[in-house]
Amino acid sequence: MIIISSIAIPNFFTSLNLLNILVETSIIGIMAIGMTFLLLIGLFDMSIGNQVSLVSLVIALTMRFGIIPSIVLALITGMLVGAINGIITTKLKINAFIVTFAMLGILKGANLLISESQTKGQSIFIDNAIFGNIFNLNLFGIPIVVVVFVVLAVIAELILKYTKVGFEIYVSGGNIETARLSGVNTFLITMFCFLASSLCVAIAAILLTSRVITASSVLGEKYTLLVITACVIGGIKFTGGYGNIFNTFFGVLAMQLVNNIMYMTNTYGYIQSLINGMILIIVLSIDRFTTIRRSPSLKLKLK
Amino acid sequence: MSGFSLKKRLININGIIIALLVLIVIVSIGSNKFLSTSNIMNILRQASTLGIMACGATFVMVGGNIDLSIGSILSLCALMSCKLTAQNSTMAILIPLAVGFACGAFNGLLVGKFRFNPFIATLGTLAVFQALAFFYSDGKFLNATQNNFYKQIGQGFFYKVPIPVIILIAVFLIFLYLLGRTVFGRQVFAVGGNPECARFSGISYAKTTILTYALSGLCASISAIIFVSRQMAAQPQMGAGYEFDVITAIVLGGVALSGGKGTIWGAILGVLFIGILKNAFILLGIPLYYQYIVMGVILILAVGIDVISEGKTKNA
């Protein structure tokens, strides 16, 4: 695929283009790391797209206090949303899907509210040169986004493999009930996973905001679908229990390559959504068929 | 489990009845325009599309699943219907209906046959159908060709009652019968309430699911036609976000997310609640963003109350 596209599209192999792909992949990847934690316990968060927008708006609003404070506030905001999602899911025992679905609506309203009150709904330009340059930082020529992704991925793997929380998450295997019966503190691990997810989303959002130097109420909208697709490509099953973050990265990479090809050939934006949605379905299908073949008993258990 | 007796049904929905009455009282106090005939007719006309979609969505949810793509199906069918008014009314009605049914059936295939997680699958089809809608209209607004018969669907009256309301009542009665009094309805309850048991009873999960999703898609297309007829225009994102209102409405009305519980009556009452609430927003001049927040909070409260009451009956 790479060969075909490099022949077909004149600008494909310019380092700028490949860099773009890598960067976008990393941003999605960072969010996917967080989502992985949730998926491993059988939940997911549908509101992450709007969390991204919220974080960008928070940064824009608090920039006058300085860069560090605004970043810290943004991270706290993100984690707050995650905490709320987690608490409602565990304490009120409401299905996580519905909670995050509702949160999606609530955040949408909140984002619009903030956006309307500041600039009558327009995007907010963040007038801070240093912040804008965060995105441009390099570590031996590797963009900071990629570095952050790799670092977070390594941390995540370490947590999952070598800590008690990580072990409990794997053991949950997508079924919170059995985990609870096994003595796992489901409240703690659910909260941990929601917080981890929102933290990753917030980090990614900060980097994204730095890249575009604007904040808007719709900045993150497309990311919910992309992140879920990424995780599915990476082989994280909803029956839980197995997940590999680096698989996810390569999956997202492939996806972004496809997206990039479309962009370069000037295909309309909405076809991107079509392809993204279809990729999700196709990957799910492949995943489902290979799983069934491996263990027929899983067919009954599915859901 | 299935709430067929009148008493059980009343218990299931008395919460929403109370909430509805309270809401009506509050809004009547808040605005003197609320109880006028024209306003009530307006509410009913707006709520009719929501109500029709809620009927379909109820089937899916009672079956233990969810359909997030109904908004996109509405957009797609609306655009098709709009473009086809240039041919003749019949095609502008029949073809979108078929497309809606087909989209629903596709969802049903993914969830019922391939056993994907319904949230993930319909999230994917949401994107796919929405993109198809964009593709179909090239991203543009579409204007419908003037057509008296077609116009009547959304804008006409039948003895002072708006035709959309008539369609809603018809759909309501049909679905009420389907869910409450047919074998199929019972199967949907069984599959939603206890899939394992249903399987042992010989009920095909795949067939039931495909049918419920197809009905949901069909309802979306009916609403789409009414929408287009009302405005005589369509745009690619017409239905975006509608699934949120529909799901909130039916959950408010006592349809359980986990499946196996709920009534069409409850769904309609939930729709009325949302319809009045939205009308209240407009009458009281509440800005759009607050609406979103309130709706989200209501959804959580509705499900929360549902869960708590379920917990109570379990312990009883």
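Trainee: How are α3(B) and α5(B) oriented to each other?

Mentor: This is a predicted model, in which local features need pLDDT of at least 70, side-chain atom pairs count only at pLDDT 80 or more, and totals for chains, interfaces and linings use all residues. Residues are numbered from 1 along each chain as its sequence is written, and chains are lettered from A and ligands numbered from 1 in the order in which they are written. Helix α3 (residues 70-84) of chain B packs against helix α5 (residues 118-137) of chain B at about 20 degrees, with the axes 8 Å apart; axes are lines fitted to C-alpha atoms, for helices over the stretch in contact, and angles run from 0 to 180 degrees between N-to-C directions. Angles under 35 degrees count as roughly parallel, over 145 as roughly antiparallel, 65 to 115 as roughly perpendicular and the rest as oblique, so α3(B) and α5(B) are roughly parallel.

Trainee: How many charged residues does the contact of α3(B) with α5(B) have?

Mentor: Two residues are in contact if their C-beta atoms, placed from the backbone, lie within 7 Å. Residues of α3(B), including I73(B) and L76(B), meet residues of α5(B), among them F129(B) and Y136(B). Ala, Val, Leu, Ile, Met, Phe, Trp, Tyr, Cys and Pro count as nonpolar, Asp, Glu, Lys and Arg as charged, and the others, Gly among them, as polar. By class, the contact of α3(B) with α5(B) has nine nonpolar and five polar residues, and the number of charged residues is none.

Trainee: How are α2(B) and α7(B) oriented to each other?

Mentor: The axes of helix α2 (residues 37-62) of chain B and helix α7 (residues 163-181) of chain B come within 8 Å and cross at roughly 20 degrees. Therefore α2(B) and α7(B) are roughly parallel.

Trainee: How many charged residues are in the contact of α2(B) with α7(B)?

Mentor: The α2(B) side includes R45(B) and F59(B), and the α7(B) side includes L168(B) and F175(B). By class, this contact of α2(B) with α7(B) has 13 nonpolar residues, three polar and, as charged, one.

Trainee: Which helix gives the most to the side of chain A that touches chain B?

Mentor: The contact takes 35 residues from chain A and 35 residues from chain B. On the chain A side, α5 (96-119), α11 (223-233) and α13 (269-294) each supply at least two residues. With 13 residues, the helix that gives the most is α5(A).

Definitions and conventions
Helix = DSSP H or I, 4+ residues; strand = E, 2+ residues; numbered from the N terminus.
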